[in-house]
Amino acid sequence: MVVGAALVGIVVTMAYPNLPSLEALTDYRPKIPLRIYSADGQLIGEFGEERRAVVRIQDVPAVMKQAILSAEDERFYQHGGIDTLGILRAAVANLTSGGKRQGASTITMQVARNFYLSSEKTLTRKLYEALLSFKIEHSLSKDQILELYINQIYLGQRAYGFASAAQIYYGKPIKDLTVAEAAMLAGLPKAPSAYNPVANPKRARLRQQYVLRRMHELGFITDKQQQEALEQPLVVKRDANAFAVHAEYVTEMARQMVAERFPDDVYTRGYKVITTLNTADQEAAYNALRRGVLDYDRRHGYRGAEAFMDMKDVSGDNDEAFDEFLADHPDSDDLAAAVVLAADAKQIKVYKRGGEILTLTGDAIKFAQRMLDEKAPPNKRLRRGALVRLAKADKGGWQIAQLPEVEAAFVAVSPKDGAIQALIGGFDFNRNKYNHVTQAWRQPGSSFKPFIYSAALEKGFTPASVINDEPLTIPASQTGSTAWEPKNYDGKYEGPMRMRTALAKSKNLVSIRILQAIGTHYAQDYVTRFGFDADKHPPYLTMALGAGSVTPWQMVSAYAVFANGGYRIRPYVVKEIRDERGQLLAQAEPVQAGDENIRAIDARNAYLMDSMLRDVTIYGTAAKASVQLKRRDLAGKTGTTNDYVDAWFCGYQMSTTACTWIGYDQPKRIGETGGAAALPVWIGYMSRALRDVPEETRPTPEGLTAVDVVNERRGGTVKEFFYNENVPAQIPPEPKDDGAKPVD
């Protein structure tokens, strides 16, 4: 024994000076991912190899510390790095059980191993681990060691540290964990893959029960707390990449911006990006767009099976092959994938991911009825092996649905400074990462007409100007190719009408005559004031019908000019960027509407256009906006392109401007107008965004003269405003409305 002790002393004496420096611990700099937040502090995105959130020991709740100590090292605050009693207890347990069953690693030893050593089971590694533990205990306080452990340990699902695990597994900060949740997380360090509540919920539950029992034995929780924790159902996030807010397109925009500006270590330095998004508005936009697209898709019929599973080697209705097949067909949020087990005209039996078997009848299968017929195309007919989608029905239960083929985009901006309030770049980011808000160049159709009308006001036109709504032929000499005979969407013509009425009813022939009068080159130059590219809008009469190219990003900023009184704001989505210590690295400096340096159009022009665009939502092509939202301070314009390829609605209330687009990535007919397809999405969003916003009336700017004008279409006399220099000597009455309904 003396010789052995001497040898150990010699080894320790020689090895201790060669131990590594503790700089990695004293100057702890873990790999912290790039994190993206909403303006109100919600985590909306994360990018990095390791998902980690560093938390100070004083910010770790007592229940989490107690659960960790109970599971890993109950005598942590008593031992000096190595728990002699724990080693003896483990040795006895291993001897009596006939094999190596129990370990005796302390939290300090785990810190030493995680930072400096491998996981190989050798005497040399164990010796160095013990020596390092003594050195760590000599250099750091117990709380410092526990803080390192809490932040460094791997807990599965790419989660490093308990703060990150709380967010990944439960979608909540560590301070909000319950006893049951803390016990579940505390059980993970022993074997993250074996006790992972996502991959192995049963084993994770057994491990949690052990931790709760130890917490109770050590006096950390009462009988009642233990029982309540055992009975608490744990709702674990199945998707580690899911966040509380659907903002994938925005987080990708922010990621690209930060990576371009700070390319070095962008995913490990812990950069914190604060966006301009409001989480409630963002969720409202996401839900409104999803509902609008699914409603449109449902109106156009069921297309049949999405794919087919090879069933030749499948036995029974609970074969593991079903889940293997469904793994290649992920759910799209609330659209769940399922495999048909049996189908006839009266019912469909399906296997849903996870082993749930459902039988659908009646209204639940009505949507898919024609694909249950034996005469349906074989490659689309619903039969055993067919892949279908399920959605929750309004009255509860599941019903047959389908993934839409059509795409959509929605963006809302503050017209005061350009802060993006909500942005949805497509129906499902995981399926299509193409951001239609910023990348999709599409024809705007009639939603572009307001900019032509605005140009006309600067050329002496007024809202009371009367223009003829009659057929028109443009000769080949003016088109450069063949003669052009434009038509109104409904094929009807109402004769002379005021410019105000023509915009509300979206009369194509009136818009073309206005553009003829002011000149195409003038209009092409004028629209650049709103941020449009001149080369994307050739100086032809088709410009009056929105035949150029725009993005939803351009459209929402252009409509903001009308919303804010004539100022061209610059939309932005990143408010500030901070480093891992919270130091400000970059900050947006938006110019506010009201700064005359960014004036785009005359305040009088903006006022008159706002007045006409409000008529669109009161009695024009978007009248259901004011009806459904029950307010009269809304303004906007529908848009439908030639052959119903693109559908738009862009509009605003003074506090927010928003734009919706719906169409196919490969342009083809959608068969609906902007008022039918796009406007419902805008209304759905505004119903939430304007919930607590009072109606606002725009003050009349100087330089306008009010005149009573006879308007037989609307019955009686109305007050119309004119530029002081353009007040007409005589204003003829507008002819009566023939009752034709607006179509665009």
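Biologist: What do the side chains of R442 and D646 do?

Modeller: They meet in a salt bridge, at 2.8 Å from N to O. By salt bridge I mean a side-chain nitrogen of Lys or Arg within 4 Å of a carboxyl oxygen of Asp or Glu.

Biologist: And where do R442 and D646 lie?

Modeller: R442 is in the loop between α16 (436-439) and α17 (449-458), while D646 is in the loop between β18 (635-640) and β19 (647-653), so the pair ties together parts that are 204 residues apart in sequence. Helices (H or I, at least four residues) and strands (E, at least two) are DSSP runs, numbered from the N terminus.

Biologist: Are R442 and D646 buried or exposed?

Modeller: Both are buried. Buried is under 20% relative accessible area, exposed is over 50%, and partly exposed is in between (1.4 Å probe, protein chains only).

Biologist: Before we go on, what should I know about the model?

Modeller: It's a predicted model: local features need pLDDT of at least 70 and side-chain atom pairs count only at pLDDT 80 or more, but totals for chains, interfaces and linings use all residues. Residues are numbered from 1 along each chain as its sequence is written, and side-chain values use heavy atoms, with hydrogens and water left out.

Biologist: OK, how many salt bridges does the count come to?

Modeller: 36 by that rule. Another one joins the side chains of D469 and K507, at 3.5 Å from N to O.

Biologist: Which parts of the chain does the D469 and K507 pair link?

Modeller: Distant ones: D469 is in strand β14 (residues 466-469) and K507 is in the loop between α19 (499-505) and α20 (508-518), 38 residues apart. D469 and K507 are buried.

Biologist: What about R56 and D59?

Modeller: Their side chains form a salt bridge too, at 2.9 Å from N to O. R56 is partly exposed at 47% relative accessibility, and D59 is partly exposed at 36%.

Biologist: Switching to the backbone, what is the phi of R158?

Modeller: Positive, about 60 degrees, although R158 is not a glycine. R158 sits in the loop between α7 (142-152) and β4 (159-160), and is partly exposed at 36% relative accessibility.

Biologist: And the phi of D265?

Modeller: Also positive, about 55 degrees, and D265 isn't a glycine either. D265 lies in the loop between α12 (248-261) and β5 (272-275), partly exposed with a relative accessible area of 46%.
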